[in-house]
Amino acid sequence: MQDEIVEEIHRIREEYAKSFNYNLDAIFADLQRQQVESGWEIVKLSPKRSLTKRWSGRSKNSQ
């Protein structure tokens, strides 16, 4: 089964990457430029603790 929306997203992504000759540094620079030009406030959240660390602290008695 093919999804038209997914196919369109893949096509757009391919065209965008091709326009930068698949150069990840150039793509990243363009995305950063778009972000700045958008005028949107950028929010940076603190990293969340991983589930491994969260659960590894449990005592053996609580299991």
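So, helix 2, residues 24-38. How far apart should the ends of these 15 residues be? At 1.5 Å a residue, the helix should span 21 Å, and its end C-alpha atoms are 21 Å apart, which agrees. Keep in mind that this is a predicted model.

Now look at both ends of that helix. Asn 23 caps the N-terminal end, with a side-chain oxygen 2.9 Å from the backbone nitrogen of Asp 25. Just after the helix, at Gly 39, you'll find a positive phi of about 80°.

Okay, let's go inside helix 2 and pick out Asp 30. Is Asp 30 buried or exposed? Asp 30 has a relative accessible area of 9%, and the cut-off for buried is under 20%, so Asp 30 is buried. And what does its side chain pair up with? There's a polar contact between the side chains of Asp 30 and Gln 34, at 2.6 Å. If we set aside neighbours within four places in sequence, Asp 30 is also in contact with Tyr 16 and Phe 20.

Next stop, helix 1, which covers residues 4-19 and includes Ala 17. Ala 17 comes out at 15% relative accessibility, so this one counts as buried too. Which residues does Ala 17 touch, once we skip those up to four places away in sequence? They are Tyr 22 and Ile 27. Take Ile 27: along the chain, Ala 17 and Ile 27 are 10 residues apart, and their C-alpha atoms are separated by 7.0 Å.

If you want to find all this on the screen, start at Asn 23, the cap on helix 2, then go along to Asp 30, and finish with Ala 17 over in helix 1.

Methods: Residues are numbered from 1 along each chain as its sequence is written. This is a predicted model: local features need pLDDT of at least 70, side-chain atom pairs count only at pLDDT 80 or more; totals for chains, interfaces and linings use all residues. Side-chain values use heavy atoms; hydrogens and water are left out. Helices (H or I, at least four residues) and strands (E, at least two) are DSSP runs, numbered from the N terminus. The expected span of a helix is 1.5 Å times one less than its number of residues. A polar contact is a pair of N or O atoms within 3.5 Å; within protein, one must be able to donate a hydrogen and the other to accept it, and residues adjacent in sequence count only if both atoms are side-chain atoms. Buried means under 20% relative accessible area, exposed over 50%, partly exposed in between (1.4 Å probe, protein chains only). Contact means heavy atoms within 4.5 Å.
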